[in-house]
Amino acid sequence: MTTTPDRTLALELVRTTEAAALAASRLAGRGDKNAADQLAVDGMRYVLDTVAMDGVVVIGEGEKDEAPMLYNGERVGNGEGPQVDIAVDPLEGTTLTAKGQPNALAVIAIAPRGSMFNPGPIVYMEKMAGGRDIADLLDLDRPVTETLGLIAERRQKPISDVLVITLDRPRHAEQIEAIREAGAKVRLITDGDVAGSLMAVMSDSPVDVLWGIGGTPEGVIAAAAVKCLGGTLIGRLYPRNEEERQAALDGGYDLDQQLTQDTLVRAEQCLFSATGVTDGELLQGVRRAPRGGATTESLVMRAGSDTIRRVHARHRPEKLEEMPGYGIS
């Protein structure tokens, strides 16, 4: 049994994110984020069982008693392919989908068994992400405003042209004010810091860097994507309270360590796929044809190749009707 996912598995992963996006898109703009998330989970699970791999969900929808499927520790795939860790977010941007707002994605990442970081009891992580040209400048121990000045210098532009993307959260308010006072620009996003990490790393994006405190599961998924793109991501576990801090220490976690994409995903080979649910800067969302059927746009990447493939797919009406939840009205 091989432990290394190969390039032939990439298109199989696209099928899983397409299924999740197609299902969730049925409830885009309908105001029910939990129902949209459940449809995405059902759609992804429907396809995952057909994929030739022996997978274990390391980053999923939570513990088994809290999630009907795609829970942490669940075995997925048909058991006949490579042995892999799987990180999934069937709907990254549940609120975005519920409100019909841009940049909701269905995402999945895989890597050889035992290579993905398990965040244990820690829900949040402080993160920075950017292109490979600024990899040596990212440091969570240095004030963010100083780092932005170094980025401006490295990229030979005024700090007023430096763009930071971050989640719009009260915990970021003080730092956002400091960034603006330093002269840089801030783009606030309501959800989806995997998408934010991708925008910070991709060379054709106006975003220079992602900064902020977001979910640790999203941090691991983003690390796989960043690793495939050849960019950089650093993160540090961020306990929400003393109880969580003590649980992490008891579990042997180093809360001072600055993790990188290579410690969050230790293997050299990993794969990442994302499909747009709603229209956004990264991907076009699901589009339904007047006479039935739909189209999707996906990104699929493999670490080491530095190749980004965009997959435009047309889905026939009769196939869509076989999917769980797709026929909802």
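How far is the sulfur of Cys228 from the closest cysteine sulfur, and in which residue does that sulfur lie? In this predicted model, the closest cysteine sulfur to that of Cys228 belongs to Cys270, at 3.9 Å, which is too far for a bond. The relation holds in the other direction as well: the closest cysteine sulfur to that of Cys270 is the one in Cys228. A disulfide requires two cysteine sulfur atoms within 2.5 Å, and the count of disulfides in the structure comes to 0. Cys228 has a relative accessibility of 1% and therefore counts as buried. Cys270 is likewise buried, as its relative accessible area is 0%.

Aromatic side chains were examined next. The structure holds 1 aromatic pair. Its members are Phe117 and Tyr253, whose ring centres are 6.1 Å apart; because their planes meet at 80°, the pair is classed as edge-to-face. Both residues are located in loops: Phe117 lies between strand S4 (105-112) and strand S5 (124-130), while Tyr253 lies between helix H8 (242-250) and strand S10 (259-260). The pair therefore ties together parts of the structure that are 136 residues apart in sequence. With a relative accessibility of 14%, Phe117 counts as buried, since the limit for this class is under 20%.

A contact between a charge and a ring was also found. The ring of Tyr124 has the charged end of Arg171 sitting over it, at 4.7 Å from the ring centre.

Conventions. Residues numbered from 1 in each chain as written. Predicted model: local features only at pLDDT ≥ 70, side-chain atom pairs only at ≥ 80, totals over all residues. Heavy atoms only, no water. Phe/Tyr/Trp six-rings, centres within 6.5 Å; stacked < 30°, edge-to-face > 60°. Helix = DSSP H or I, 4+ residues; strand = E, 2+ residues; numbered from the N terminus. Buried < 20%, exposed > 50% of the residue type's maximum accessible area, 1.4 Å probe, protein only. Lys NZ or Arg CZ within 6 Å of the ring centre and 35° of its normal.
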